[in-house]
Amino acid sequence: MSLPRAFITSVVGSWPRPNWLIDAFDKFESGQMDRRTFDQYLDDAVKLAIRDQEEAGLDVVTDGEQRRTSFVAFVGQKIKGFKIVKAEELNPNAREIMKRHKAPLTIWRPVVAGYIEDSVLAVDELRYAKQVSTKPIKVTLPSPYLVMWESWHAKISSPYYPRPEDAAEAYVKALRREIARLIESGAAFIQLDEPMLGDLVEAGGDEPDRYKRVASELYGQKYRGLRDEIQLAVDLVNEAVQGFGTSVRLGMHLDRWPTDESPVVGYERLAPHVFDIKVRQYVVEYKHPKMGNPEEFAKILPPDKEIGLGSIDVRDPKRVETVEEVVTHVERIVKYVDPTRIWLNPDCGFAPGMYRAFPRTVAIEKLRVMTKAAGKLREKYWWA
Ligand SMILES: [Zn+2]
């Protein structure tokens, strides 16, 4: 399947789940539905998510993460050594803590509760998606730095892994096996999701960002200081992708879901270290006004790297962008990055956690605007 030469379109990962899928999940969880029936619901939801994206004209599709409780919690369901629990089990005041720090982590939480073993994480999802679509498929995977912050618990995990870094190393080993399987099974794009690195945009030298504060209170972890946190993230990801770079397109997604109080600054704040990460594409949130100016990131993007530019908002379902608005947004970076290295995507997934409600019809409309904008850009920069 050949891709357009420039302004390729994709989603970040997750797609709004139909209400019937959420109902089925709740029934399955409470023992009122058997596995086989629930699997049929999941298959149907994936078919629908892919068809929505195909009809909107996307070049590269995902399975919409329909099988996952959240973009990170599903690690707890699929990899041996992890489990998932409700946030209240980690701390009875979990919801209050998230509210206080304005950092809503997903309600289902992964926890390291044993020795981490090689397990199928996403290759089963890819195989099914390939049965129902001929489009190139992107697979998203929770990045090791994210998984460390979101799953190592000071009491529950320390008998197996005394330090969070030890659990992260063990996860890296399992992740490498899965990346190899995904490549073998024909993934077009493997994206490591790293919001915990993205969140560091709001951190200070000794002051953790909102999400690390919540994770510290729920899991009992400690912030290492900004420089060391960035370095740890870079090292862990590089270890995970070492040697795979030429056989598949590797990317990393950065987001931070800003609040009204968040500073106006983008992922350029993590440079130059973030560019030491051995991935080809940075899929970055830049439509949100709190991200500042995408030119700041584009200007310093190394010439061998691509940008997946956040061009569509995923937070406000009441407003759909115009084609012209998206074209203008993307054109801000054309003077710095060759169109063949620019991809268009929404800022983030439309439903990173399964209970996040976002009307599917609006998500489809937004994608249509984005693919139309990409078409206009390809006409205008025909030489690319
Ligand atoms: Zn995101």
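A cavity, on a 1 Å grid over the protein atoms alone, is a set of points where a 1.4 Å probe fits but cannot get out, whereas a pocket is an open set with protein on both sides within 12 Å along at least five of seven lines, and lining residues are those with an atom within 4 Å of a point. The model described here is predicted, so that local features need pLDDT of at least 70 and side-chain atom pairs count only at pLDDT 80 or more, while totals for chains, interfaces and linings use all residues. Residues are numbered from 1 along each chain as its sequence is written, and side-chain values use heavy atoms, with hydrogens and water left out.

**Overall architecture**

- The protein contains 14 helices and nine strands, where helices (H or I, at least four residues) and strands (E, at least two) are DSSP runs numbered from the N terminus.
- With a radius of gyration of 20 Å, close to the 21 Å that the globule rule gives for 384 residues, the protein is as compact as a globular protein of that length; the radius is taken over C-alpha atoms, and the rule is 2.2 Å times the number of residues to the power 0.38.
- The C-alpha trace spans about 60 × 50 × 40 Å along its principal axes, and 61% of the 384 residues count as buried, meaning under 20% relative accessible area with a 1.4 Å probe and protein chains only.
- Of the contacts (heavy atoms within 4.5 Å) with a separation of 6 or more, 81% are between residues 24 or more positions apart.

**Zinc site**

- H253 (NE2), D255 (OD) and C348 (SG) coordinate the zinc ion at 1.8 to 2.1 Å; donors are N, O and S atoms within 2.8 Å of the metal (3.2 Å for Na, K and Ca), and because water is not among the atoms, sites may look incomplete.
- H253 lies in strand β6 (residues 249–254) and C348 in the loop between β9 (342–346) and α14 (360–380), so this pair ties together parts that are 95 residues apart in sequence.
- H253 is buried, with a relative accessible area of 2%, and C348 is also buried, at 6%.

**Cavity**

- One cavity of 30 Å³ or more is found in a search of the whole structure, and the largest cavity has a volume of about 80 Å³, a volume being the space filled by probe spheres set on grid points that are joined across faces, edges and corners.
- The lining of the largest cavity consists of T62, D63, E65, R68, A122, E125, L126, A129, I137, K138, V139 and T140, with α6 and β4 (138–142) as the elements that give two or more residues.
- This lining divides into five nonpolar, two polar and five charged residues, where Ala, Val, Leu, Ile, Met, Phe, Trp, Tyr, Cys and Pro count as nonpolar, Asp, Glu, Lys and Arg as charged, and the others, Gly among them, as polar.

**Pockets**

- The largest pocket has a volume of about 720 Å³ and is lined by 39 residues, of which P104, L105, T106, P352 and G353 lie nearest its centre.
- In the lining of the largest pocket, α5 gives the most, with three residues, and by class there are 17 nonpolar, eleven polar and eleven charged residues.
- The second largest pocket holds about 270 Å³ of space, and among its 17 lining residues R35, F38, L42, R67 and Q77 lie nearest its centre.
- Four residues from α2 make up the largest share of the lining of the second largest pocket, which has six nonpolar, three polar and eight charged residues.

Key: Buried means under 20% relative accessible area, exposed over 50%, partly exposed in between (1.4 Å probe, protein chains only).
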